[in-house]
Amino acid sequence: MAFSNKEASVVLGMVARGDKRHDIAAWYGENQARVAEVEQGQYGNVTAAPAAELPPKGAPGPKGRRLRSKVTKAVEALENKDAATALQLLKDGLADFSKNET
């Protein structure tokens, strides 16, 4: 798969931020060779995306597993007619997912 120019811009932003190459590749379901291609300029004159446009720092796998757990609990709360707990679980899950991790 080739990155779009927008994706390549985000990749460069993540590199500039100091993200691990394997974490960057994992966000896109790619291998580190695609990240290296972006770094080597194979996508032309692409500039790094600003920090506000970058996904949270850290591996997406653990983030996704934690979010899935919170969503599962939120569904259970909804099935038990506890919308307040479900809403809080979803908000907490989203906040956890959006945290930058090293």
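A charge sits over a ring if NZ of Lys or CZ of Arg is within 6 Å of the ring centre and within 35 degrees of the ring normal. Here is a case: K63 lies over the face of F97, at 5.9 Å from the ring centre.

Some ground rules. This is a predicted model, where local features need pLDDT of at least 70, side-chain atom pairs count only at pLDDT 80 or more, and totals for chains, interfaces and linings use all residues. Residues are numbered from 1 along each chain as its sequence is written, and side-chain values use heavy atoms, with hydrogens and water left out.

Stay with the rings. A pair of aromatic rings is described by the distance of the centres and the angle of the planes. Rings of Phe, Tyr and Trp (its six-membered ring) pair if their centres lie within 6.5 Å; planes under 30 degrees apart are stacked, over 60 edge-to-face, and the rest tilted. How many aromatic pairs does the rule give? The count comes to three.

One of them joins F3 and Y43. Their ring centres are 6.0 Å apart and their planes stand at 55°, so the pair is tilted. The pair links distant parts of the chain, 40 residues apart. F3 is in the segment before helix 1 (5–17), and Y43 is in the loop between helix 3 (32–39) and helix 4 (60–79). Helices here are DSSP runs (H or I, at least four residues), numbered from the N terminus. Both F3 and Y43 are buried. Buried means under 20% relative accessible area, exposed means over 50%, and partly exposed is in between (1.4 Å probe, protein chains only). Ring pairs also link F3, Y28 and Y43 into a cluster.

Another pair is W27 with F97. The pair is edge-to-face, at 5.8 Å centre to centre and 85° between the planes. W27 lies in helix 2 (residues 21–28) and F97 in helix 5 (residues 83–98), so the pair ties together parts that are 70 residues apart in sequence. W27 itself is partly exposed, with a relative accessible area of 22%.

Which residues does P56 touch? Leaving out residues up to four places away in sequence, P56 touches R17, W27, K63, F97, S98, K99 and N100. Contact here means heavy atoms within 4.5 Å. P56 lies in the loop between helix 3 and helix 4. At 13% relative accessibility, P56 counts as buried.

Now E101, in the segment after helix 5. E101 and P56 are 45 residues apart in sequence, yet 7.4 Å apart in space, C-alpha to C-alpha. E101 is partly exposed, with a relative accessible area of 25%. Beyond four places in sequence, E101 touches K57, G58, K63, R66 and D96. The side chains of E101 and R66 are joined by a polar contact of 2.4 Å. A polar contact is a pair of N or O atoms within 3.5 Å; within protein, one must be able to donate a hydrogen and the other to accept it, and residues adjacent in sequence count only if both atoms are side-chain atoms.

On to the core. In soluble globular proteins, nonpolar side chains tend to be buried together. A nonpolar core is a set of buried Ala, Val, Leu, Ile, Met, Phe, Trp, Tyr and Cys residues joined through side-chain atoms within 4.5 Å. The largest one has 15 residues, of which F3, A8, V11, I24, V35, V38 and Y43 touch the most other members. Helix 1, helix 2 and helix 3 are the elements that give two or more residues to this core. Which helix gives the largest share? Helix 1, with six residues. Take V11: beyond four places in sequence, V11 touches F3, I24, Y28, V35 and V38.

Helix 3 has R34, V35, E37 and V38 buried. They cover an arc of only 155° around the axis, so they sit on the same side of helix 3. That arc is taken from the directions from the helix axis to the C-beta atoms. Helix 1 and helix 2 are among what covers these buried residues. N31 caps the N-terminal end of helix 3, with a side-chain oxygen 2.9 Å from the backbone nitrogen of A33.

In helix 2, D23, I24 and A25 are buried. The buried residues of helix 2 pack against helix 1, helix 3 and helix 4.

Last, the backbone. Most residues other than glycine have a negative phi. K81 has a positive phi, near 65°. K81 is found in the loop between helix 4 and helix 5, and is exposed, with a relative accessible area of 76%.
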